[in-house]
Each structure stands twice: as C-alpha cells, then as structure tokens.
Amino acid sequence: MEKFFKLKENNTTVRTEIAAGLTTFFALAYIIFVNPNQVAAGGAGGWLVGAGADASVLGQIWNAVYIASILAAIIGTLLMAFLAKLPYAQACGMGLNAFFCTCFVSGAFFNGVDVLDGYHSGLVIIFISGIIFLLLSVTGLRSYIAKAMPDCLKKAIPAGIGLFIAFIGFQNAGIIQANQYTLVQFVDIKGAIANGTFKETALPALIALLGLLIIGVLGKLKVKGNVIIGIIASTVLYYILSGTVPNFDISSVGQSFKDFGKVGITGIFSATAWSNAFGGAHIGGIFNAIMLIITFCLVDMFDTLGTLYGTASQANMLDEKGDPIRVNQAMLSDSIATVSGAVLGTSTCTTFVESSAGVAEGGRTGLTSVVTAICLGICLFLTPLANIVPSAATASALIYVGVLMLKSFAKVDMDDLRSALPAFVALIMMPMTYSIANGIGLGAITYVIMTLCTGKYKKNDIVVTVIALLFTLKFIFVTM
C-alpha cells in the first residue's frame, strides 16, 4: 500500500486517508438518493406522476438509476484511485441530472413520448458525449484546454467553487431558505416556532451552524480530523435533539436490482433509443440533438476542470505552472466514468466537488478514493447507510471547505480589471447560476471581450475564445 500510493511521499498516513475517504463519502452520500429523484422526477411518488405519468414506469426508472448511479460512482472513483492516484470521487453531477430529466424524462412525457423511451434516448446522448470526452482525453486535448485557461480564471475557479459548495451546504441544512421577494433569506426561526415546525426546519440549520463552529475551532487548534469529528458530533446532536432514529428499511433492495437489469443497463442497446435520440418529438431534430451533446460535453468538461483546479489548489497538488498534477489521468478517469454511467443507465458522471471535504481532512492519495468507493459499494446492499448522517451534519463540512477554498481569490490581480472582472464574474456566477460550468463560461466570455476591447489579445487566447464561443451558443440555444 505504501509503495503503490506513496503515502510518506505525500505526507499522509493510512489513518488520515481512511478518515478523508469517509468524509468524502458522507459529504456526497446525498447524491445516492438525490440523483434518482432528479432523473426520474421523484419516482413513483414524484411530481411527474401527479401530472399524469405512469407511476410504475417512473418507479422502475428510479430503481434502475439508483443502482446505476452507485455503480458508475464506484467505477469512476476507483479509476481516480488506481489510474490517477488522486483523492477525488466521482458521481452523477447535480444540475446535469435535472437537465437530463427536463430533456428526456419529463420532456418525453409532455411531448407524448413514452417516458421509458425518453429515458433511454437520454442515455444515448450521454453515451455519445462520453465517447467525445474519451477521445479528447486520450489525445490530450482536454488537458491542453485546461492549461490554456487564463491565469485569472485559474485562480478564480477554486474560490468560485468554494462559494458554490458553501451555498449548497447552506441550502442543504436550511440555513438559507427560499423567499418569493428576495429569492433567499436566513432560516425563519421565529416562524418555525410559531408554526410548530422547529424540529423540521430550524433545528437542522442551527445544528449545521454549530457543527461549522466545532470544525472551525478544532481546525484553529490544529486538531487532526476536525472535519470528521464535526460531522460525527453534529450527527449525534441531531438525533438527540430531534428525537428521531435512523431508518434501516432494506426491503426494497432486491427490486432495485431487478429494475436495473430490466430497464437500466439494457436501455442504451435498443434501436428505438438511438432513433429517439435524434428524431424523437421531445428532442426536436438532429440539430437539437447535437446541441444537447455539446451542452453535456461542455458542462461535464468544465465541472471537472473546475473541481480539479479547486481541490488541487486547496491541497497544494499543483505543478510549477499552477496546473493540477496528473490532470490527464484524472480526465481520462472522468470520461470513462461518463461512458460507463450511460451504459449502466444514469446521467453524466463527473468529478465531485464534495471531494474537497476529504482533501480538507488530509486526503492526498488514491487510498482516500478507495475508501469512498468501498462505502459506496456497501450502499448497494444497505441503502440506509448513506442516510444515517443527516444533511445538517455534512452541510457544516461543505461550508467549512468553502471557506478554505476562497483563499485562492486573494491571488487575483485586482488592480488590473482585465483580470479582476472576469475573475469576479466566474466567482459570483457559480453559486448564482448553480453551475460551475456556467461560471467558467461567463468568466471566459468576459475575459475575451475585455481582452479584445483593450488591445491585449494574444495568440494563446485562442483556446479561451473558442470556449467563450461554445458557451455563447449554449446559452442561446439550450436553456440550463
């Protein structure tokens, strides 16, 4: 183990890597349940059933996606462990899964296409985008694109991701709530007490804030394992104060595997799926299909690039040029995971931003990813395991990591608006648009315009110009 992962060389230990792997798992465990809910519109009891869709079919899709999501995450995470030898986990990307549902599941239903056919046609689109990723990775074009990004964006991306995952943490715990007038607001503690919903709404928010303070204080005191200690402490407090116990119902595991074999892994191999992918009423023609493929390519590529730069910067795992180490292997792992996910029956897999939580815990090698993959594997047969830790507990870890990642923005040259403005746009638009890729795209567009208008455009800006143009097309032709 020492020889393969080079623990001493990376200034880490087996104990640290295990703690980091567990931290990453608990931080991303929500995706195991959220992804099938997003892809299958809530499944048999979801909102699309309320609109008239077949509950049994959506239930089958939910079960298939549940199993496929875990298997794809295991494949991608183990590739990160053994091919890239990096402490990153992979799973189905948030945003992309909702977009998948809108285009192919609910989109099929509202266009009179069988929901199951819509689901299968979406897998074809994901499969093709994954093949393109694979070709770009093998040829080295993906890493070339990454390294050609302007320095101001490279420094803004980690900070933007920090804001983004902190925002996710605030939402997951209910610290930030929706408001019809201001869009967001702080948790309404007084209202929760008055309405008798304190345990359901205000308590998780307060526990998350307390967990954040625990992690922060322990971090300041240089206590090793401060993140996982904070998660455990918050979990214990949650169950004590809420008076609830974890749910261990495993009766549905067998049916999930049956539906996975029936409608999940077989979907991409049907001729109907391929014809619907380019000619179905919910797609709208070959041009729209091509735009969808490009969109999934762009979002996955820049979600991965953003995560790699963010986590590598936080862990001081950058080379002398400021680029992530072993970036080629990481991107190859990501592309293989996307192809595998499509074959298995789920939406696009990407390098998960919650990997930052494990890195903050001290994870530096692929052993961290091995531990995370093992935990994911257990969830195939013991579904409630991932649900033991409440979102209030993991939210505090995500917010803490967001704080750590913001430091990279201090390196942006704020005296030069050609650097400052694109960096700020990338930083702020990631949480505002709920997309890492959108933040990078808007930052790239801003950089190109600023560079052209100030007469500073150079030959090495061609790559970022192409990126800006592709994102411009995506924003015009694809709503996401």
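Leaving aside its neighbours within four places in sequence, which residues is Val187 in contact with? I will start there, after a word on the model.

This is a predicted model, in which local features need pLDDT of at least 70 and side-chain atom pairs count only at pLDDT 80 or more, while totals for chains, interfaces and linings use all residues. Residues are numbered from 1 along each chain as its sequence is written, and side-chain values use heavy atoms, with hydrogens and water left out.

So, Val187. The residues in contact with Val187, beyond those within four places in sequence, are Gly174, Ile175, Gln177, Thr201, Ala202 and Ala205. Contact here means heavy atoms within 4.5 Å. Val187 sits in the loop between strand S3 (183-186) and helix H10 (189-195). Helices (H or I, at least four residues) and strands (E, at least two) are DSSP runs, numbered from the N terminus. Val187 is buried, because its relative accessible area is 4%. For that term, buried means under 20% relative accessible area, exposed over 50%, and partly exposed in between, with a 1.4 Å probe and protein chains only.

Next, two loop residues with positive phi. Ala41 has phi near 55 degrees, a positive value in a residue other than glycine. Ala41 is found in the loop between helix H3 (30-39) and helix H4 (47-50), and it counts as buried because its relative accessibility is 1%. Lys85 is not a glycine either, yet its phi is positive, about 55 degrees. The loop that holds Lys85 runs between helix H5 (55-84) and strand S1 (90-92). With 30% relative accessibility, Lys85 counts as partly exposed.

What about Gly284: buried or exposed? Gly284 counts as exposed, because its relative accessibility is 53%. Its loop joins helix H14 (271-279) and helix H15 (286-314). Gly284 and Asn111 are 173 residues apart in sequence, and their C-alpha atoms are 10.0 Å apart. A second pair of this kind is Val57 and Asp114, 57 residues apart along the chain with 9.6 Å between C-alpha atoms. Val57 lies in helix H5 and counts as buried, because its relative accessibility is 17%.

Now the helix packing. Helices H9 (residues 151-173) and H21 (residues 436-453) pack at an angle of about 145 degrees, and their axes are 10 Å apart. Axes are lines fitted to C-alpha atoms, for helices over the stretch in contact, and angles run from 0 to 180 degrees between N-to-C directions. On the H9 side the contact uses Cys152, Leu153, Ile157, Ile161 and Phe164, and on the H21 side Ile436, Ile440, Gly443, Ala444 and Tyr447. By type, that contact has 9 nonpolar residues, 1 polar and no charged. Ala, Val, Leu, Ile, Met, Phe, Trp, Tyr, Cys and Pro count as nonpolar, Asp, Glu, Lys and Arg as charged, and the others, Gly among them, as polar.

Last, the lining of the largest cavity. A cavity is a set of points on a 1 Å grid over the protein atoms alone where a 1.4 Å probe fits but cannot get out, and lining residues have an atom within 4 Å of a point. The lining consists of Ile31, Ile32, Ser69, Ile70, Ala73, Ala91, Cys92 and Leu376. H5 gives the most, with 3 residues, and H3, H5 and S1 each supply at least two. The lining divides into 7 nonpolar residues, 1 polar and no charged.

Notes: On a 1 Å grid over the protein atoms alone, a cavity is a set of points where a 1.4 Å probe fits but cannot get out, and a pocket is an open set with protein on both sides within 12 Å along at least five of seven lines; lining residues have an atom within 4 Å of a point.
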